[in-house]
Amino acid sequence: MKQLLLSNPGTTIDLDVTEMPDSVPLFRRLYICFEACRKGFVLGCRPFIGLDGTFLKGFYDGQLLTAIGQDANNQIFPIAYAVVDSETKDNWKWFLENLHADLGNYRVHGWNFISDQQKGLIPAMKEVMHDVHHRFCAMHIWSNFTKRWKDKQLKGAVWECCKSTTVQQFDVAMMRLKEVNEAAWEYLNRLDPKSWTKAHFSDWSKVDNVTNNNCETFNGKILKYRGKPTITMLEEVRTYIMRFMARNKKSFSGYIGRVAPRQLSRLEREKEESSKWTPTLAGDDDMNIYEVEKHPTKVTVDLGNQECTCRFWQLTGLPCRHACAALAHRGRRPEEQIHNWLGMQAYNTAYRQNINPVPSKEFWEKVTDILFFHPITKEELVDLRKREERKEMSRGLTPIRTRLKENMGRPYAIIVARLAIIANLVRERRMTLMMWQQLLQKRRKDKQPMNQVERTKLHQSTKWRQLPYLLKTLRVWHLDLTRLCLLRP
Ligand SMILES: [Zn+2]
């Protein structure tokens, strides 16, 4: 981590450990936000952040919390991530506090968030950033909804409600739903409309996403690293972000347009539709107000304030079909009316900095001031084995693996190696168990009840009560095997 900071100055790393009374601290959680990601997001991306937690599938079950933004070309932009034991309120609060400190005040910058309706995240968000614009992923709402109601017509109604861009459209869609099924309507009506419908979204962020696809995409990209030991996984994720940022920086280096390509193609669709609409000048002093009509619908476009009744322009920063019709009447190009956040200048600002390479372990500076139990990597297990072998050799013995290989054949040698790995894991689990037992004793002494998280943790760790016995058995097996191979001529 020291090396990471040396290569990437300005990066935030928050390592949290659990203090142990009789030994070095135990790894608890780790937050990382690269300076390149932080600066790129704050200066070059729209103020829209997706949050999500995903399971790690390695030996050390835990979760990876991620904060993902979106660049001017609607591609994902990683901001920060953290390794925690589970998606609790406490962990989310710690993550959000770190994120808030890195990105700056949410009221000044107007950060908008999107996430699942995660039980730990919602109260944590309320405590760290009170009253922040927080959307819930429509896909998540929809999947919860379809668990209760399987009716096809009802399923479609959910999407109709969340995609309506005006309050009137939304109300009509909800009324229609109420007529079909009152219980379903009640279920959706209980949700805060600001959190799931375009009609009530804040138009500040210029992102009209109703789903948390950015996080899903990122989680998909790092899927293959999620099963690796923690340190290896974190290093793989860093190199992925480094590659990803370099590729995006390079991919549009020769592009000369002012507006990002994906925004331009979305605008093209609006321009095509605009020919069906007829603009009429209202006659205000600045000649900015238009009535735009396609029978029987009429909307008002205000070119000065970049607004339309349909709210598409306000929500996305792109002129809607009605605005395009009015702009054509005024002889103006819609491309020039696109919000700056969707331009190539913003895009290039986001990728101006890069993540610097981090040399591998043999080039690291020796660290003596921090000492803690961190999850063991595969390389460390190999080191451990080699150390044992050297010890045996110094005593004039042939290493057990070699003896086994020679006398019993390769399969036995593999079994012993696996036993060694299991013994190591077991030892580490035992440390956790001891820690929880100490906590339990302390709480009993202080006559304090344990909270929900602590109770669950303790319950999980009781599975490991038989560890001493298991360790003993392992040792006996190991001895048996050794004796067996020594007895053989
Ligand atoms: Zn419009």
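I count two strands as paired if DSSP finds at least two bridges between them. With that in hand I looked at Ala 67, and it stands opposite Ala 80 in β5. One caution before going on: this is a predicted model.

**Entry 1: the seven-stranded sheet**

I followed the strands across. The order is β1-β2-β5-β4-β3-β6-β7, and the sheet is open. I noted its pairing as mixed. β1 (12-18) and β7 (133-136) are the edge strands; each has a single partner strand, so one side of each is left without a neighbour in the sheet. On average, neighbouring strands are turned by 20 degrees against each other, direction ignored.

Strand β4 covers residues 62-70 and strand β5 covers residues 76-84. Eight bridges join them, and they run antiparallel.

Then I asked which strands helix α3 lies across. Helix α3 (residues 89-103) lies across β1, β2 (26-33), β4 and β5. Against β2 it runs at about 35 degrees.

**Entry 2: the four-stranded sheet**

I found another open sheet, with four strands in the order β8-β9-β10-β11. Here the pairing is antiparallel. The edges are β8 (278-281) and β11 (307-308); each has a single partner strand, so one side of each lacks a neighbour in the sheet.

How many bridges join β9 to β10? I read off six, between residues 289-294 of β9 and residues 297-302 of β10. The two strands run antiparallel.

**Entry 3: the annotated stretch**

I checked UniProt. An unreviewed entry there lists residues 297-331 as "domain: SWIM-type". In the model, I read this stretch as 43% helix and 23% strand. Its end C-alpha atoms are 24 Å apart.

**Entry 4: α12 against α14**

I looked at how helix α12 (residues 261-274) meets helix α14 (residues 321-330). Their axes come within 8 Å and cross at roughly 65 degrees. Angles of 65 to 115 degrees count as roughly perpendicular, and α12 and α14 are therefore roughly perpendicular to each other. I noted the crossing as right-handed.

Which residues of the two helices meet? From α12 I listed Glu 270, Lys 271, Glu 273 and Ser 274. From α14 I listed Arg 321, Cys 324, Ala 325 and Ala 328. By class, the contact has three nonpolar, one polar and four charged residues.

How values were computed
Residues numbered from 1 in each chain as written. Predicted model: local features only at pLDDT ≥ 70, side-chain atom pairs only at ≥ 80, totals over all residues. Axes fitted to C-alpha atoms, helices over the stretch in contact; angles between N-to-C directions. Parallel < 35°, antiparallel > 145°, perpendicular 65-115°, else oblique. Left-handed = near helix turned anticlockwise from the far one by under 90°. Contact = placed C-beta atoms within 7 Å. Nonpolar A, V, L, I, M, F, W, Y, C, P; charged D, E, K, R; others polar. UniProt positions renumbered as here; feature names shortened; annotations may be inferred.
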